[in-house]
Amino acid sequence: MKTFTRVYLSWSLLTVAVLPWSSGEMYTSLLNVKEAISVERKLIDYLRTYIDHELQRLQDVRRFYAKVSDLHNELYKGSETAMANPLAAFTLIKRLHSEWLNVVYSNEALENAQALRSSFEEEAADLPKLEDLQGAAKGLMRLQDVYALQVASLARGRFQRVTNGKPVDVYMPAASVPLSGDDCFLVGKVAYEQEDYYHSVQWLEESVRLFRGTGGEWSPENEGTLEDALDHLAFSHFKTGNVSYALSLSQELLHYDPTNGRVLQNVEKYEKLLFAATPSRGDVLRRPTTNYLRTRDTYERLCQTQGSQPVHFENPRLFCDYFTNDDPGLLLLPLRREVLSLQPYVVLYHNFITDTEAEDIKRVAQPGLRRSVVAAGEKQATADYRISKSAWLKGSAHSIVDKLDQRISMVTGLNVKHPYGEYLQVVNYGIGGHYEPHFDHATSPSSPVFKLKTGNRVATFMIYLSSVEAGGSTAFIYTNFSVPVVEKAAIFWWNLHRNGQGDVDTLHAGCPVLIGDKWVANKWIHEYGQEFLHRCSLNPAE
């Protein structure tokens, strides 16, 4: 069996040595992930060129081998007779003096490899960074959690969860993409390095199973091995309280690396712990609790049901109609309105935007896409609970932006011109892209929302610029319903009561995108400028 020399590089070292530029954000926008396909196509071409050159080099080596072998099989059988020929003697001396050295010490293989490396480094600026790999792995774990997906099914390229003891397909992809033992190892390693042993155990268990299935054979493109997966899995089980299984895995690891001093120490430690007491086996893994996401169970249930909440939608007071808002511009072409909720008031307008308009908005926004931020005191910052990229479009960016502003104003009856309405925000979600439960209106007087000096965000108007195959719903947590992505539709709700107080029932979330490329455009409308358009009530409590 052919063996390979393994070169170990830590992720941080690899990033510094090859990719010293800005931190990675490719994973936060599926547009950027799609652009990476063209980068890999270039790399495939470079590798094809390398293979062609190597094949030519090996062909030359084979030709030399055949030439010399033929001489020994034919001419040199009678060595005394052969060497009586001065030409044969001369060519033998020449070959041994120079030809063999030229073959053995040829730089051609090194030159071919260096050409491949140089071509690879030319694309370095467009390659994923360490943060992208980690972010993509976290995205898979997020999808696993929110949609209750089984790691074993994900490794097979399926999206399944267990319902009533049976695996059920959440989504059936047109083409499945199975994961390797090394793929699962890297996801588990990301969890492991964050001391998230709930996830590391599940992904490393699958990695070990897949590595065992290949007989533990290592491939040159892999970072991990069966031994690496066993090592990380053993310690993960120890940290979850399953000491006996940690011992068993460590003993298995010693079969591959019997002189590993650290593993020998661990085995001794685990044996002492088991001898001293009878610890819990820790067979049942428990998800870590979270202080931030107190509504996690409701949020995940609404994401899983994807708009299927019959108790909510069977309300006889909800209705659909053709809506003009008494605006002359809508009389001949009214909008199809679907009232989704009365408290808070949430409305879906079908076919609000055309395919061409949606594509124009996405095209204009693409150059300005940057990592989405959230309010952090008086400033703004990136956060793991919002994974997307966004761009802000002024009316001058393209005629379609002004056109949409006018249409939003007709439908809502509100003044949406800047600064009474914020610039149009276009958002593209990333791998497992989401926005955990939040309010659109400011809940603190120091919020950046007040920088426009036009009051709080009184209303939200969100346009779905694309469809998705699965996931990506908008979930309203306290009112217990979710709205699936409806391409070309727009959703509207009031963020504030008429007295100016925030409506807590508008707590909402963007569920992780399971399959698809989600684009939305947000228009946030402020209090000021609406004094005669959305009047205060005579009832101060309303």
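What follows is a short chat about one predicted model.

Student: What should I know about the model before we start?
Tutor: It is predicted, so local features need pLDDT of at least 70 and side-chain atom pairs count only at pLDDT 80 or more, while totals for chains, interfaces and linings use all residues. Residues are numbered from 1 along each chain as its sequence is written, and side-chain values use heavy atoms, with hydrogens and water left out.

Student: How many helices and strands does the chain have?
Tutor: The chain has 17 helices and 19 strands. Helices (H or I, at least four residues) and strands (E, at least two) are DSSP runs, numbered from the N terminus.

Student: What does the C-alpha trace span along its principal axes?
Tutor: About 120 × 65 × 40 Å. The radius of gyration of the chain is 31 Å, whereas a compact globule of 542 residues would have one near 24 Å. That radius is taken over C-alpha atoms, and the globule rule is 2.2 Å times the number of residues to the power 0.38.

Student: How much of the chain counts as buried?
Tutor: 44% of the 542 residues. Buried means under 20% relative accessible area, exposed over 50%, partly exposed in between (1.4 Å probe, protein chains only).

Student: Now the cores. Which residues have the most contacts inside the largest nonpolar core?
Tutor: Phe352, Ile361, Val426, Phe461, Ile463 and Leu465, in a core of 35 residues. A nonpolar core is a set of buried Ala, Val, Leu, Ile, Met, Phe, Trp, Tyr and Cys residues joined through side-chain atoms within 4.5 Å.

Student: Which elements supply that core?
Tutor: Those giving at least two residues each include strand S5 (345-350), helix H16 (355-365), strand S10 (424-429) and strand S12 (457-464). H17 gives the most, with 5 residues.

Student: And what is leucine 465 in contact with?
Tutor: Contact means heavy atoms within 4.5 Å. Leaving aside neighbours within four places in sequence, leucine 465 contacts Ile353, Ala358, Ile361, Lys362, Val426, Trp519, Val520 and Ala521. There is also a second, separate core of 28 residues, which includes Tyr147, Val170, Cys184 and Ala509.

Student: Cys184 sits in which helix, and how many of that helix's residues are buried?
Tutor: Cys184 is among the buried residues of H8. In H8, 10 of 13 residues are buried. Just after H8, glutamate 195 takes a positive phi of about 60°.

Student: Switching to H12. Which of its residues are buried?
Tutor: Val263, Asn266, Val267 and Tyr270. Seen down the axis of H12, they fall within an arc of 100°, so they line one face of the helix. The arc is that of the directions from the helix axis to the C-beta atoms.

Student: What covers them, and what is on the face turned away?
Tutor: The cover includes helix H10 (226-239) and helix H11 (243-256). The face turned away carries the exposed residues Gln265, Lys272, Phe275 and Ala276.

Student: What caps the N-terminal end of H12?
Tutor: Asparagine 260 does, with a side-chain oxygen 3.1 Å from the backbone nitrogen of arginine 262.

Student: Back to H10. What does phenylalanine 235 touch?
Tutor: Phenylalanine 235 lies in helix H10. Not counting residues up to four places away in sequence, phenylalanine 235 touches Tyr192, Tyr197 and Tyr270.

Student: Why does phenylalanine 235 count as partly exposed?
Tutor: Because its relative accessibility is 27%.

How values were computed: Polar contact = N/O pair within 3.5 Å; in protein donor to acceptor, adjacent residues only side chain to side chain.
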